[in-house]
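Open the model in your viewer and keep the selection tool at hand. The stops below say what to select next and what is there.

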Amino acid sequence: MGLLSPVRFGPGRENIAAGLRSPLILPSSAEPTNATRILVVDGNQINRRLLKSMLRAGNHEFFEAETGMEAMDLIAAQPVDLIIADFLLPGIGGTELCRRLKSNRKTQFTPILMLTSVHGFDFEVEGIESGADEYLTMPLHPSVVRARVNSLLRHKAAIDSLEEAETILFALARAVENRDTGTGEHCERLATYSVALGLELGLPRKDLVALYRGGFLHDIGKISIPDSILLGTGKLTADQCKVMELHTIRGVEICKPMKSLAPVLPIIRSHHERWDGSGYPDRLEGEAVPLLARILQVVDIFDALTTKRSYKAAFTKEHAMEILKEEAAKGWRDPELVSLFVGMEHEVSLDSKALLDSDWPELSSTMHSLRNINRHLQD
Ligand SMILES: [Fe+2]
């Protein structure tokens with residue numbers, strides 16, 4: 001049996017792909033399936049076969065790997081729902097495999113069931129600390145294995161549905177932005193600028209990810225603002241301003257149920273606060289305004305100024321910088337952030353047009369690194 005062959009077990013059906021060597025996708029004869037994908041990583045073929053036979057009653061599609069590196073290659077080409085790995089794998093070993101998978105953004109939530117024939121609490125602790133979600137010591141009891149596998153698969157399904165919900169939320173945020181500004185790329189630019197400024201400040205990855213998401217989600221609360229206020233071209237009345245200001249609070253209410261978005265909530269709530277305390281909704285002042293919200297605010301203003309809108313032409317980058325500096329002088333913006341952003345702009349020629357141009361090789365090496373930001377965040 002090919003170690004990387006997908007092998008599907010189910011009632012009345014066995015091993016339809018037996019003998020195939022390393023196709024990482026289902027053979028064409030296989031009908032579409034909602035089977036959960038389980039990767040069994042074990043250097044011993046008998047163990048792999050035993051495990052699969054224990055789970056054959058379920059609707060599973062099995063993949064096999066003999067070593068940790070084979071498992072990594074397979075997962076890179078074919079995402080799976082659950083990994084069952086032996087503690088004592090040849091090569092990088094089960095614990096190192098766990099560590100690598102759990103430190104990769106794409107696989108960090110893929111559950112891992114670690115199996116071992118080695119007894120001892122120390123090994124169990126080592127396995128769990130390396131990232132394994134469950135740990136079973138041989139001899140295995142089939143009903144225990146099935147119960148643990150089903151439990152882990154339920155957990156994975158819940159995470160998948162959360163990710164789907166998050167995807168829907170981002171699509172919604174983009175639609176809201178389109179309705180407001182009519183510029184589909186505004187969110188992408190904000191996300192990229194914010195991360196660039198965050199990198200300049202040396203912020204940790206978790207903050208960069210929050211900034212990236214905040215670029216998309218900061219104005220999602222505008223979904224609750226009536227067209228007559230959101231799209232009006234005249235000056236808003238005091239009452240209309242109050243309604244408009246609610247978009248910060250509504251945005252938090254929309255995103256709050258999703259715990260994974262917790263780091264983005266301060267950006268959503270506070271991106272209209274001002275350095276001198278004259279902003280909204282909480283009239284926070286100075287460093288009480290969350291740093292990530294201050295960052296997003298600076299780049300949001302810059303992008304709004306340098307982008308053509310229905311009510312105004314696009315300002316030049318230099319003009320936008322002057323306005324930003326004026327607003328900092330008035331006390332509205334964090335002066336250090338503005339000056340950092342202005343300096344960064346001069347250094348890297350970062351402007352919205354350059355970001356939208358596909359002619360990346362013509363840009364500076366710093367811009368290349370900015371271009372790679374998305375890629376890094378996806379890894
Ligand atoms: Fe806003």
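**The whole chain**

Among contacts in the protein between residues at least 6 apart in sequence, 60% join residues at least 24 apart. This is a predicted model. Colour it by secondary structure to see 15 helices and 7 strands. Of the 379 residues, 35% count as buried.

Select Ala65, which sits in strand E4 (residues 60-65). Is Ala65 buried or exposed? Ala65 is buried, because 24 other C-beta atoms lie within 10 Å and 20 or more are enough to count as buried.

**Helix H3**

Next, select residues 93-102, which form helix H3. Its buried residues are Gly94, Thr95, Leu97, Cys98 and Leu101. Turn the view to look down the axis of H3: these buried residues fall within an arc of 160°, so they line one face of the helix. To see what covers them, show strands E3 (36-41), E5 (82-86) and E6 (112-116), which are included in the cover along with helices H2 (68-77) and H4 (121-129).

**From the E7–H5 loop into H5**

Go to the loop between strand E7 (134-137) and H5, where Pro139 is found. Met138 and Pro139 are joined by a cis peptide bond, with omega about 5°. Helix H5 covers residues 142-181, and Ala157 lies in it. Ala157 counts as exposed because it has 12 C-beta neighbours inside 10 Å, and 12 or fewer is the limit for that class. Select Asp81 as well: Asp81 and Ala157 are 76 residues apart along the chain, with 8.3 Å between their C-alpha atoms.

**H6 against H7**

Two packed helices are described by the angle between their axes and the distance between the axes. Select helix H6 (residues 186-200) together with H7. Their axes are 7 Å apart and the packing angle is about 155°. H6 and H7 are therefore roughly antiparallel to each other, and H6 passes H7 in a right-handed crossing. On the H6 side, show Cys187, Leu190, Ala191, Ser194, Val195, Gly198 and Leu199; these meet Asp207, Leu208, Leu211, Tyr212, Gly214, Gly215 and Phe216 in H7. The residues of this contact divide into 9 nonpolar, 4 polar and 1 charged.

**H7 against H11**

H7 passes H11 in a right-handed crossing. From H7, the contact is made by Asp207, Ala210, Leu211, Gly214 and Gly215; from H11, by Leu292, Ile295 and Leu296. Here the residues divide into 5 nonpolar, 2 polar and 1 charged.

**The loop between H10 and H11**

Finish in the loop between helix H10 (265-270) and H11, where Pro281 lies. A cis peptide bond with omega about 10° joins Tyr280 and Pro281. With 13 other C-beta atoms within 10 Å, Arg283 is partly exposed.

Conventions. Residues numbered from 1 in each chain as written. Predicted model: local features only at pLDDT ≥ 70, side-chain atom pairs only at ≥ 80, totals over all residues. Left-handed = near helix turned anticlockwise from the far one by under 90°. Helix = DSSP H or I, 4+ residues; strand = E, 2+ residues; numbered from the N terminus. Contact = placed C-beta atoms within 7 Å. Nonpolar A, V, L, I, M, F, W, Y, C, P; charged D, E, K, R; others polar. Arc of directions from axis to C-beta. Axes fitted to C-alpha atoms, helices over the stretch in contact; angles between N-to-C directions. Parallel < 35°, antiparallel > 145°, perpendicular 65-115°, else oblique.
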